[in-house]
Structures are given as structure tokens and as C-alpha cells.
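Here are a few exercises to work through with the model open in your viewer. Try each task before you read its solution.

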Amino acid sequence: MEKIVILTIERRMHLAKVTKQSLLDVGVNENQIEIVKGYDKLDYPNIKRLYRLVTKGFIEKVLQYALDNGTSIYYIECGTLFNVNPFDIELKENTINWLGYIRNTKDYITGAKLIYIPLNICKDLVSSPPPMAHVDRYIRNYGIKNNCLVVANKSYTFLQDYESDWGTKH
């Protein structure tokens, strides 16, 4: 069974709970949703680049969850809201399906808001050297390099209003 994995940190747990409720409201079963805690910049004051902690949490918590449970995942960042059940979206098999984002340009995708990652790709991402890049750049670059990335024409997600650790208002 595929799982939805929401990445958050303790002080943003309220955002993860809103995301979970949004998923429940569109018909996702509670047992299909897992909230995992990544790494908070407040606990790592010596790490000056926040994206390194997000990517570390993605690899060590989200991808490891997929491996430990032998499941493909839908990766979601906390603060993401839904008006469609992710399990109802048609997917291309054995491919990273980027279904939710803030912006998609020719050169970059901003926001890893809803990304389906098959188990075999989760395994490969974990065994690859950890990048020094934002998680969205990491996933995009892997997908392009391995010819296994499909990006939806429009995002299936929207955002809860909040201020991110990047200082950006959503």
C-alpha cells in the first residue's frame, strides 16, 4: 500500500495537522498518512544553510520511512492543502510524478508540495551521495538525469497561509 508522508518539524506540527486534515477532507484514509519529523534549524545553529537540514530530513526520515515500510510514497511538505485526493491522480509508473508545486519554470520547480516517488527510486535516492542542494532541486536533478520525471501541467495543491523559515509568506 502506498503512503502519504508529510515532512514537518515539532514547532510546525500545527501545519502538518492542517495538511493531514485537508487530506482526510478529500477522502484519504487516516492509515494512509504518516507525519515524520525532520530537523529544525533551531536545534542546529551551526548549520547556516537551512536547505541542508530539509534535504537531510527528506533523505533520513522520508525516504528511510519508504524503505523501512517497503512502500512507494507521496512526499508532502507541511502547510500544503488539497482539493483532490492524491490517490485519485493518474500516475506514470516507475517515474517521479511531481503533482504539487508553487511554481514551475523551464529551469526550476519551486516547492516539493506533492511528489509521488516509487519505492525503487526511493532506494536509489538513499544510496546516492547526499546533495548540497534544496530538496526540490535534488529531486528534479535526479529525475532529469535518470529520465524519470513527469511534472503535472498544473499543481494539484495550494498552500496554507504561513511564514516559512525562509522568511517567505505563503
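Buried means under 20% relative accessible area, exposed over 50%, and partly exposed anything in between. Keep in mind that this is a predicted model.

**Exercise 1. Take the aromatic pair Tyr74 and Phe87: work out its geometry, where its two partners sit and how buried each one is.**

Step 1. Start with the geometry: the ring centres of Tyr74 and Phe87 are 5.0 Å apart and the planes make an angle of 80°. Planes over 60 degrees apart count as edge-to-face, so that's the label for this pair.

Step 2. Now place the partners. Tyr74 belongs to strand β3 (residues 73–77), while Phe87 is in the loop between β4 (80–82) and β5 (96–100), so the contact ties together parts 13 residues apart in sequence.

Step 3. Apply the burial cut-offs. Tyr74 has a relative accessible area of 1%, so it's buried. Phe87 comes in at 22%, so it counts as partly exposed.

**Exercise 2. Describe the second largest pocket and say which helix gives the most to its lining.**

Step 1. The volume of this pocket is about 170 Å³.

Step 2. Sort the lining by residue class: six are nonpolar, three polar and two charged.

Step 3. Helix α4 (residues 135–145) gives the most, with five residues. Tyr138 and Tyr142 are among the lining residues, and both are also on the list of buried residues of α4.

Step 4. Just past α4, check the backbone: Asn147 takes a positive phi of about 50°.

**Exercise 3. How many disulfides does the structure hold?**

Step 1. The count is zero.

Step 2. Check Cys78: its nearest cysteine sulfur, in Cys122, is 19 Å away. For Cys148 the nearest is again that of Cys122, at 11 Å. A disulfide needs the sulfurs within 2.5 Å.

Step 3. Cys78, at 11% relative accessibility, counts as buried, and so does Cys148, at 7%.

Technical notes:
Residues numbered from 1 in each chain as written. Predicted model: local features only at pLDDT ≥ 70, side-chain atom pairs only at ≥ 80, totals over all residues. Heavy atoms only, no water. 1 Å grid on protein atoms, 1.4 Å probe; cavity = no way out; pocket = protein on both sides within 12 Å on 5 of 7 lines; lining within 4 Å. Points joined across faces, edges and corners; volume = space filled by probe spheres on them. Helix = DSSP H or I, 4+ residues; strand = E, 2+ residues; numbered from the N terminus. Nonpolar A, V, L, I, M, F, W, Y, C, P; charged D, E, K, R; others polar. Buried < 20%, exposed > 50% of the residue type's maximum accessible area, 1.4 Å probe, protein only. Phe/Tyr/Trp six-rings, centres within 6.5 Å; stacked < 30°, edge-to-face > 60°.
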